Each structure stands twice: as structure tokens, then as C-alpha cells.
Amino acid sequence: NGDIPPSVTNSTNPAIILLTAARDLNDAALLQRLADGYLQTQQWTQASDTLQRLLQVDAENAWAHYHLGLIRAAFDPFTAQQHLQKVVRIPDYAEVA
């Protein structure tokens, strides 16, 4: 497992092992799936880190901006607003952003 970080190899969930490795890749679809898994399991720090990585790969990803804005709203309203402003004109997000 040469290039796989210890935090990944210590996991018992095969999906998390594979998807966590995706954080180091440039695959937006895999990064979004990983972030979604973290969101569903309320692992906010990991979700935030993965969403930020996703935005490095795909700077216009509305889904990532929306969820990162929601996560950051509680402790960093300025940054949250910046992310949510990017999706406010997109119909799928307009009502909730």
C-alpha cells in the first residue's frame, strides 16, 4: 500500500479506503462521492477538506460551493457567504442559498 496514507489503511470500510485515496487525485466525480459520504456521516472536517480539494479540481462546482458554504456558516460566515453567492443564481440552489 505504498502511497496510501495510514489514515486510509486503518479504515475498515472499503469504500472509504478507495474514496479517501481519491483526495489525492484530480477526479471530480470521485471527490464529490467522497465528500457526500462524509456529509452523510456528519464528518464535517473531512467533508470540508474534501470539498476544498474538489474546488481545486473544479472551481465552478456548484454542489461543492453550496455544501462548503453550509458547513462554514456556523463558524466562518464571511467564507460561507462567498461560497453561497456562487450558487444563488442557479435554480437548484437559489431558494436555499
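**Overall fold**

Modeller: The chain holds seven helices and zero strands. Helices (H or I, at least four residues) and strands (E, at least two) are DSSP runs, numbered from the N terminus. This is a predicted model, in which local features need pLDDT of at least 70, side-chain atom pairs count only at pLDDT 80 or more, and totals for chains, interfaces and linings use all residues. Residues are numbered from 1 along each chain as its sequence is written, and side-chain values use heavy atoms, with hydrogens and water left out.

Biologist: What percentage of the 97 residues in the chain is buried?

Modeller: Buried residues account for 35% of the 97. Buried means under 20% relative accessible area, exposed over 50%, partly exposed in between (1.4 Å probe, protein chains only).

Biologist: And which share of the accessible surface belongs to carbon and sulfur atoms?

Modeller: They have 51% of about 6200 Å². Those areas come from the Shrake-Rupley method with a 1.4 Å probe.

Biologist: Switching to helix 3. How many residues does helix 3 have?

Modeller: Helix 3 has 13 residues. From first C-alpha to last, helix 3 reaches 18 Å, close to the 18 Å expected at 1.5 Å a residue. That expected span is 1.5 Å times one less than the number of residues.

Biologist: Which residues of helix 3 are buried?

Modeller: Leu31, Leu34, Ala35, Tyr38 and Leu39. Seen down the axis, these buried residues fall within an arc of 140 degrees, so they line one face of helix 3. The arc is that of the directions from the helix axis to the C-beta atoms.

Biologist: Why would spaced-out residues point the same way?

Modeller: An α-helix has 3.6 residues a turn, so residues three or four places apart point the same way.

Biologist: What is exposed on the other side of helix 3?

Modeller: Ala29, Arg33 and Gln40 are exposed there.

Biologist: Which residue caps the N-terminal end of helix 3?

Modeller: Asp27 does, with a side-chain oxygen 3.1 Å from the backbone nitrogen of Ala29.

Biologist: Where is Gly37 found?

Modeller: Gly37 is in helix 3 (residues 28–40). Gly37 is partly exposed, at 26% relative accessible area.

Biologist: Last one: where is Gln82?

Modeller: Gln82 is in helix 6 (residues 77–85). Gln82 is partly exposed, with a relative accessible area of 41%.

Key: A polar contact is a pair of N or O atoms within 3.5 Å; within protein, one must be able to donate a hydrogen and the other to accept it, and residues adjacent in sequence count only if both atoms are side-chain atoms.
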